[in-house]
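Biologist: I'm new to this one, so please keep it friendly. Take a close look at one part for me: the salt bridges and the places where they turn up.

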Amino acid sequence: MSAALDTDTHIASSIRTDAPPAILLDRVNKWYGSMHVLRDVSLQVATGERVVVCGPSGSGKSTMIRCINRLEQHQEGRIVVDGHELADDVRALDAIRREVGMVFQSFNLFPHLTILENCTLAPIWVRRMPKREAEELAMHYLTRVKIPDQALKYPGQLSGGQQQRVAIARALCMKPKIMLFDEPTSALDPEMIKEVLDTMVGLAEDGMTMICVTHEMGFARQVADRVVFMDRGEVVEQGAPEQLFSNPSTERLKTFLSQILRGH
Amino acid sequence: MSDIPLNTSVAGVPEAAAPRQPPALTTGPAAWLRANLFSSWLNTAMTLVLAYFIVRYAISFVDWAFVNAIWSVPNNQTAACRALKTSPNPGACWAVITEKHRFILFGTYPYEEHWRPAVVCVLFTALYVVSAMRRFWRWELAVVWAVTLVAIGILMWGGVFGLSYVPQERWGGLPITLILATFGLAFAFPLAILVALGRRSSMPAIRVLCIAYVELIRGVPLISLLFMASVMFPLFLPEGINIDKLLRAQVAVILFAGAYLAEVVRGGLQALPKGQYEAAEALGLSYWQKTGFIILPQALRLVIPPLVNTFIGFFKDTSLVLIIGIFDLLTAGKTAVVEPAWQGFGVEVYIAISVIYFVYCFAMSRYSQNLEAELNRHRVR
Ligand SMILES: Nc1ncnc2c1ncn2[C@@H]1O[C@H](COP(=O)(O)OP(=O)(O)OP(=O)(O)O)[C@@H](O)[C@H]1O
Ligand SMILES: [Mg+2]
């Protein structure tokens, strides 16, 4: 967890090519009413790979990663997660949700439960872990995200950055194989962004398979094995961060990058 | 505090300003009066006029209710009471309560067995008090409820343990009101939660069923539901099967309260941000885990005020069973003044009954305020 964001060095890759892909999206299509929000999206994420997804607002980034754990349903194409095909089979869905952790832009902590209860609820009830063990595990991850002393407080008593770190710890307590992040820092004040990104860098260093929707280009450069650029529901371009950012091959990505850079 | 030496002057730092008294007349009762009652000549005038009427009527009420009142009369000789009604200094005839209180409270229950419904009322009230205390909110409470309700049934019916059998037709008064309200809420509330959840179900059949139930029940007055329960329902039953009248009324009351409570609960479900559902799902919680641990605890807290509002309204609505001839508290009160000797003393009886209703309703209201404050503590930073 010593990683600092300002280093230019890319952290070591942990992609395991021997293992089957952690996530496979094959020509996925989705409509909201008549609006076509995902168009033939194909994406393959290897175990241990870290993918950053970027693109303009409304391009379907959230929709795509929410399809991976069925918070949204796709209508055409295949999605295979950790060897389970996402279909109407309820057991496959349960298995996938156990293995996939998700962190939301708006934290979504449970306000009526303490931080510790937020972290232990799912391990106890979904993983059937004894309470004591779940609490030890929760304290372990809360220590990792550097807020063990807040365990007995309620979410409303924490700052935004702290809440988001609790949300990460809560997801980790399920010991997921894959973590999805949907703009985890966009709701945060600048001074809190770094503490959350540091936590995520630490996770990446440990070899977690991650898909991360974010506009933090520094984070992408340091952590991502691959950057995926989406626009209007399509994957327009993808590649290593350096190559993509310095040599965008499509007009759309050029425009997007210039807007992002102007914004910073 | 005064024995701690205050040394605020540090070298180089100007001495802190000495604490000052607040300006005169911004605090204290005098200031309150001035700000709220006498802030302008119009306010002052209104205050004085209202004060005059309030004091005048308060004095006449005290005169009527206490000073001139008659508290008891010898064996139904109500002549003194009647004289008092027409005298220039009218007074209340509380003798009617003294004389009839057992009938009002317990109806036509056999007189020498009145201790049984009395114990039942005490048991019910004790049950409410115990259930209200958060420190007893454990699963054992369900056992306490079951045991108490069985005890209440035994006391009311009798026929065992040397208690004489009392048929349901002879029950009456406060126990009936408490039975209808308690069983009504105890069954209507879980029903309401299921219906509210069902209305948001992804299964169309369940959703349609729940919507139909709520709309049908809300579309008719409780009175017609009670009529249906007491008159029409028995027609559909096969010959020889006879469900007792109180039970039928009870079912009508449960269905009625369930529909209203369901809408209140649904309001709470809708007020919860979608992110709470999504976070619970993303963690892999099953539908019932999500509902039980995340959704309902938050949704119900949000709707405590309208929920208790419905509870209170419904507690009083149980008095409508009088139209199908069930002898609840209010009916017993009405019947008490039917007797020629006591005719015309309805006001006193209704006041006494109001006090009983008020005690229960006000207790519910106060309790809900405390509960709300306590359960929503986590919202306060
Ligand atoms: N529940 C919904 N119903 C209808 N349309 C929706 C819904 N959710 C999203 N959309 C639409 O789908 C499109 C893609 O939305 P999505 O949230 O995936 O975009 P995004 O790339 O995550 O954007 P942002 O960067 O603003 O989060 C948008 O045009 C949005 O308006
Ligand atoms: Mg989004």
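**Salt bridges and their surroundings**

Modeller: Let's start inside chain A, where A:Arg50 and A:Asp225 make a salt bridge, with 3.6 Å between their closest N and O atoms. (That label needs a side-chain nitrogen of Lys or Arg within 4 Å of a carboxyl oxygen of Asp or Glu.) A:Arg50 is in strand β3 (residues 50–54) of chain A, while A:Asp225 sits in the loop between α7 (217–223) and β9 (226–231) of chain A, so the pair ties together parts that are 175 residues apart in sequence. Helices (H or I, at least four residues) and strands (E, at least two) are DSSP runs, numbered from the N terminus.

Keep in mind that this is a predicted model, with local features needing pLDDT of at least 70, side-chain atom pairs counting only at pLDDT 80 or more, and totals for chains, interfaces and linings using all residues. Residues are numbered from 1 along each chain as its sequence is written, chains are lettered from A and ligands numbered from 1 in the order in which they are written, and side-chain values use heavy atoms, leaving out hydrogens and water.

Over all chains, the rule gives 28 salt bridges. Two salt bridges cross the interface of chain B and chain A. A:Arg97 pairs with B:Glu281 in a salt bridge, their closest N and O atoms being 3.9 Å apart. On chain B, the elements giving two or more residues to the side that touches chain A are α11 (274–282) and α12 (287–302). (Ala, Val, Leu, Ile, Met, Phe, Trp, Tyr, Cys and Pro count as nonpolar, Asp, Glu, Lys and Arg as charged, and the others, Gly among them, as polar.)

Now step back to the whole contact (heavy atoms within 4.5 Å): 24 residues come from chain A and 20 residues from chain B. Together the chains bury about 2,000 Å², 62% of it on carbon and sulfur atoms. That is accessible area (1.4 Å probe) lost when two parts are put together, summed over both.

Of its 37 lining residues, the closest to the centre are A:Arg97, B:Ser202, B:Glu281, B:Tyr287 and B:Lys290. A pocket, on a 1 Å grid over the protein atoms alone, is an open set of points where a 1.4 Å probe fits, with protein on both sides within 12 Å along at least five of seven lines; lining residues have an atom within 4 Å of a point. α2 (90–99) of chain A and α7, α11 and α12 of chain B each supply at least two lining residues, and α12(B) gives the most, with six residues. This lining has 16 nonpolar, eight polar and 13 charged residues.
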